[in-house]
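Take a look at the protein below. Follow the chain from one end to the other before reading on.

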Amino acid sequence: MFSSIGVPRLILILIIALVVFGPSKLPEIGKAFGSSLKEFKNATKDIVTDDDASKTEKQTSSKS
């Protein structure tokens with residue numbers, strides 16, 4: 001989906017965002033995006049860790 005977005009289109013999107021939101025709001029938008037990305041990463045890491053733990057439990061119980 002995003003493979004068709006090149007550097008010129010990305011620059012155009014950033015310029016449009018600057019015009020629409022203004023320079024004072026862009027750092028806030030970037031911070032919100034970064035924090036939501038961080039929370040998503042932590043949530044998926046917890047899911048993967050839980051899944052790995054359940055696989056390990058299944059393997060140890062089947063060996064007994």
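## Ground rules

This is a predicted model, where local features need pLDDT of at least 70, side-chain atom pairs count only at pLDDT 80 or more, and totals for chains, interfaces and linings use all residues. Residues are numbered from 1 along each chain as its sequence is written, and side-chain values use heavy atoms, with hydrogens and water left out.

## Helices

The protein has two helices and zero strands. Both terms refer to DSSP runs, numbered from the N terminus: helices are H or I with at least four residues, strands are E with at least two.

Helix α1 covers residues 7-21. Its 15 residues should span 21 Å at 1.5 Å a residue, and its end C-alpha atoms are 21 Å apart, which agrees. The expected span is 1.5 Å times one less than the number of residues. Gly-22 follows α1, with a positive phi near 85°. Helix α2 takes in residues 26-63.

## Surface

The accessible surface comes to about 6,000 Å². Carbon and sulfur atoms hold 68% of that surface. Areas come from the Shrake-Rupley method with a 1.4 Å probe; for residues, only the protein chains shown count as cover. Of the 64 residues, 2% are buried. Buried means under 20% relative accessible area, exposed over 50%, and partly exposed in between.

Leu-12, Ile-16, Val-20, Phe-21 and Ile-29 make a nonpolar patch of about 480 Å². Such a patch joins nonpolar side chains (Val, Leu, Ile, Met, Phe, Trp, Tyr) within 5 Å, from residues with over 30% relative accessible area and no salt bridge. Helix α1 gives four residues, the largest share. Ile-29 sits in α2.

## Charged pair

Glu-28 forms a salt bridge with Lys-25. Their closest N and O atoms are 3.9 Å apart. The rule asks for a side-chain nitrogen of Lys or Arg within 4 Å of a carboxyl oxygen of Asp or Glu.

Definitions and conventions:
Patch = residues over 30% accessible without salt bridge, like charges linked within 9 Å, V, L, I, M, F, W, Y side chains within 5 Å. Buried < 20%, exposed > 50% of the residue type's maximum accessible area, 1.4 Å probe, protein only.
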